[in-house]
Amino acid sequence: MSNLSGFFRLIFAVLAMFAVLQTPGHAQVSEGRNERSCSKNPAEYSGFKVKDIRIKANFLLFSLNVGALTLPNAQASVRRRGDTVIEVNQLFSEAGYFNLQKQRNEDLSTALLSSGAGVLAILPRIVNCNDTAGEIEVEYSILGIPFSTGVAGSASFELPGFYLNKKKAAVSMDAAPFQLVPYLGYNGSRGLFPGVKIRKAFKTKLVQHFALNADISFPGGIVNAALAGSDEVKSGILDHAEWRAGYSLANLPAGALRLNESTFFGQIAGSTRPFSAGGSLSFRYGATFEGGRRSTNVAEAALPEGTIAESGYGAGKFYIGGVSSWRRHSLKVSYGLQLANTGKNLQVNYLKNIFDAAYRGRYLVADHQSLQLDLALSAGKLSSIHGDIPAAERFFGGNAVREFIPGDSWGISNGPFIRSISQNRLNGPDTGPAIGGDSYRSVNLTLSLPVWHKPLIPDEISKDQTVIFGLGTGVRSSRLALAESEVQQPGQPDEDDFTNYRATDIQRLVSILNDTTKVNVTVVVDSIINLIKPESDMLAQQVADTSGQNDAQASLTADLQLFNQVQGYAERINLFFPDPADSADFDNDTQYDIESLVLGYGDAIPAYFTGISEGVASLRKFYKNKGLSDKWEKLDLMAGQLKSMQQDVLKAIRKNYTPKTELLVRPTTQYVGRVLEVLFKELNIVSVSPVLMFDAARLNVMGNKAGNYGLGAGVRMSLVNFDVYAGYSFNPARQTDHKKGAFVLSIDITDLF
Amino acid sequence: MACVPFSITLAVLATDNKRQFSFSINKGCVEEKPVYVLVFIFRDRNELTDPFQDRVSLQVTVGDTDSPKAEKLIARGMNNAQLAYLKGPLTNIVEDLPPTGGAPSNDPTALNAASQILNSKPVLPS
């Protein structure tokens with residue numbers, strides 16, 4: 001869960017999103033109305049009145065000059081050429097409909113080129129047709145995906161999108177020359193505390209911004225002021241560098257104690273380049289050198305031996321960490337080491353070790369319903385080396401934890417986090433010294449599952465065969481372009497490597513697919529097409545016959561869509577099935593055909609064998625309801641044969657040699673597939689999820705154990721990837737000085753890709 | 001099955017980072033029949049630090065006889081030979097045309113060359 005700076009990043013991200021979505025004529029979210037595709041040919045709507053024209057670009061990912069791409073501009077461009085174009089409240093014409101589609105495509109192609117390279121798809125649709133009134137609406141759905149080709153050594157994919165990438169949102173926010181943001185916070189320990197964040201940008205190489213965060217509670221407060229800069233070094237081990245220098249002052253309660261910290265600091269940090277496209281694994285490291293004072297309000301005599309109430313402070317803090325993401329999982333692990341003294345000499349008087357890890361997994365239960373699991377583990381130990389330890393340096397737990405390096409963008413906990421206890425109130429056993437721990441452990445678990453959601457991409461688009469196959473075409477073409485681009489890079493293996501690969505490894509896959517002794521794929525596929533034809537034809541006729549009866553037609557259309565899915569994948573298998581005679585020369589595309597058949601590009605563009613199997617499975621209910629279960633079982637048997645063949649080919653692919661260029665290109669293609677998968681299968685424009693929370697924390701206080709656990713429930717409201725959590729966490733076994741529990745209110749941005 | 005309009009575009013940056021093109025295939029439905037329009041846009045720059053300049057675009061309306069080929073291109077995507085043709089021979093022809101600032105060119109040789117992309121192994125027309 002994020003801190004306040006995350007909140008501002010988030011606000012920016014959401015505002016940016018709405019700025020895009022609300023631009024007239026550019027992009028609109030479905031406004032709760034039921035979009036109904038009209039199934040007839042466009043020609044049949046000639047002479048109908050156009051009630052509305054919409055551009056649905058709510059999943060457009062590349063940067064655009066929004067103003068230049070509005071609908072009126074596109075219409076004006078078509079008119080300037082002397083061509084017809086459709087307009088609101090005018091009569092529909094197929095030519096005008098197509099001319100506007102071409103113009104949108106031309107405008108957006110130019111925008112795509114300005115992103116470097118990529119794929120763009122446009123799907124025009126006639127929706128909400130009213131045959132009686134002679135009215136229709138027109139919608140152009142757009143998807144754009146940028147990626148890079150042709151840059152030496154970088155088969156990379158980037159999402160410079162408006163709102164789905166928090167990094168970009170943060171960069172945009174940093175560009176504002178001056179910001180002043182007042183805020184009001186609340187914590188059970190501190191009460192209400194007003195605060196302000198000020199940020200001033202500079203255009204020098206060394207210092208790029210000054211940041212001041214300050215809040216005040218009664219008594220006490222926190223002040224952080226720093227000058228900071230960063231640079232993109234772009235070498236493998238140091239891809240990005242950051243530095244900060246400043247001063248921080250904190251006066252915070254910890255039960256009866258008050259913890260006072262006064263610190264001057266200088267920090268440097270770096271991160272490595274992601275070790276595969278999309279940032280699947282990268283490392284972060286840094287060091288901070290600090291000097292100042294540490295004090296508490298407790299008399300020295302009340303503290304145990306080896307702990308002092310007030311002293312000078314000097315420290316070197318070092319940390320290393322890694323963050324990895326794979327499909328719907330991410331893991332961040334950090335280790336921090338603090339070597340410190342009390343300001344009297346250059347000895348290390350004490351040291352602190354911190355281990356901190358956080359895992360997030362999203363498990364897709366159904367389309368657009370992910371069970372989200374957050375698990376955090378943290379542990380720390382404070383050890384005396386030569387002398388005393390300031391009491392303010394001990395570990396204190398609660399629902400707000402000071403970070404190991406305050407203000408650093410790489411957060412590391414510096415104490416046990418437990419949401420049911422107010423800040424710093426986990427500070428000792430029920431009967432014993434409440435002076436903070438010399439070691440701690442904590443675990444936090446959060447589970448949430450959407451119970452109400454509205455998909456970012458409506459089903460009628462995300463399940464539309466034309467869109468899915470069109471995207472498959474685009475991804476396949478771009479994947480080919482990337483491979484070809486890599487082959488041409490200096491120092492890459494020459495074409496012989498590919499020729500050998502195709503003549504041996506790919507040829508072997510072709511032989512397996514063409515081995516009819518096990519499964520005759522084309523015969524099975526044709527049999528499936530023939531078997532479903534009567535029901536498919538009947539449904540198509542019924543859909544036509546129920547034109548105008550919205551509910552009846554919607555149900556039939558949904559069934560027909562399932563049949564079209566099976567037929568579509570079957571036809572694709574026939575189209576892509578490799579010819580043994582054409583698989584070994586450098587220019588052939590058999591490799592990509594097999595990729596489309598058995599591997600696919602993520603769940604949004606599944607392998608054609610997978611698509612047909614899933615399609616047949618989804619027809620079970622229809623056949624059962626019609627009393628045709630025997631027929632479905634035949635279909636299922638044939639789908640099983642195709643699945644078995646797919647498994648055989650996949651096994652062989654795993655044993656294949658992989659050319660180096662393929663290894664460079666695959667992560668990019670996989671990342672594109674993952675992005676589409678998130679957009680098409682997972683992402684909601686808005687969702688509501690119940691949340692369960694469990695926390696357990698233990699402090700070791702001079703040999704005494706102070707442990708507690710919290711159980712809580714709440715709700716998560718999500719707007720795209722912006723999550724607000726609200727709930728309450730209870731203390732089932734509370735200490736006498738602890739309250740029954742605490743309210744939980746936090747925000748977060750999920751890194752979706 | 002009803003005719004379904006669709007547009008798909010691939011944009012590619014050449015390995016020298018100085019030339020860039022996009023290729024689109026637009027499928028429309030006019031008078032209950034599919035209509036296909038191919039669009040090839042070429043941009044270039046002299047130095048890596050310069051912005052790209054729109055040079056020439058080609059727009060080819062596919063005739064009835066080539067419609068199945070256009071449909072196949074939409075269904076399968078580009079193959080190696082077609083991509084190589086766009087990046088090589090066709091780009092070379094367009095580079096030699098007088099700049100139109102991105103406006104459609106009516107050079108018959110270039111338009112004829114662009115239409116050849118529909119063939120699975122396109123070659124320059126003689």
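I looked up A:G118 and found it opposite B:A11 in β1(B). The model is predicted; I kept local features only at pLDDT of at least 70 and side-chain atom pairs only at pLDDT 80 or more, while totals for chains, interfaces and linings use all residues. Residues count from 1 along each chain as its sequence is written, and chains are lettered from A and ligands numbered from 1 in the order in which they are written. Strand β2 of chain A, residues 117-130, pairs with β1(B) in the antiparallel sense, over five bridges. I call two strands paired if DSSP finds at least two bridges between them. Helices (H or I, at least four residues) and strands (E, at least two) are DSSP runs, numbered from the N terminus.

Entry 2, the contact between the chains. How many residues does each chain give to the contact? I read 39 residues from chain B and 44 residues from chain A. Contact here means C-beta atoms, placed from the backbone, within 7 Å. On the side of chain B that touches chain A, the elements that give two or more residues are β1 (6-13), β2 (19-30), β3 (33-44), α1 (67-76) and α2 (80-95) of chain B. The largest share of that side comes from β1(B), with eight residues. By class, the side of chain B that touches chain A has 23 nonpolar, twelve polar and four charged residues. My classes: Ala, Val, Leu, Ile, Met, Phe, Trp, Tyr, Cys and Pro are nonpolar, Asp, Glu, Lys and Arg are charged, and the others, Gly among them, are polar.

Entry 3, chain B as a whole. I noted three helices and four strands in chain B. The order from the N terminus is β-β-β-β-α-α-α. The radius of gyration of chain B is 15 Å, close to the 14 Å of the globule rule for 126 residues, so chain B is as compact as a globular protein of that length. That radius is taken over C-alpha atoms, and the rule is 2.2 Å times the number of residues to the power 0.38. The C-alpha atoms of chain B fill a box of roughly 50 × 25 × 25 Å along the principal axes.

I checked α2(B) against helix α3 of chain B, residues 108-115: the axes come within 10 Å and cross at roughly 165°. Axes are lines fitted to C-alpha atoms, for helices over the stretch in contact, and angles run from 0 to 180 degrees between N-to-C directions. α2(B) and α3(B) are therefore roughly antiparallel. The crossing of α2(B) and α3(B) is left-handed. A crossing is left-handed if the near helix is turned anticlockwise from the far one by less than a right angle, and right-handed if clockwise. B:P89, B:L90, B:I93 and B:V94 of α2(B) make the contact with B:T109, B:A110, B:A113 and B:A114 of α3(B).

Helix α6 (residues 465-487) and helix α14 (residues 660-682) of chain A pack at about 155°, axes 9 Å apart. That angle makes α6(A) roughly antiparallel to α14(A). Is the crossing of α6(A) and α14(A) left-handed or right-handed? It is right-handed. Among the α6(A) residues that meet α14(A) are A:L471, A:V475 and A:R479. The contact of α6(A) with α14(A) has nine nonpolar, three polar and three charged residues.

I followed β8 (residues 240-254) to β9 (residues 257-271) of chain A: antiparallel, 15 bridges. They form a hairpin with two residues between them, and A:G255 in the turn has a positive phi of about 70°. A:E261 in β9(A) is the bridge partner of A:A250. A:E261 also has a bridge partner in β10(A), A:R294. β9(A) and β10 (residues 281-296) of chain A run antiparallel, joined by 13 bridges.

Terms used: Parallel < 35°, antiparallel > 145°, perpendicular 65-115°, else oblique.
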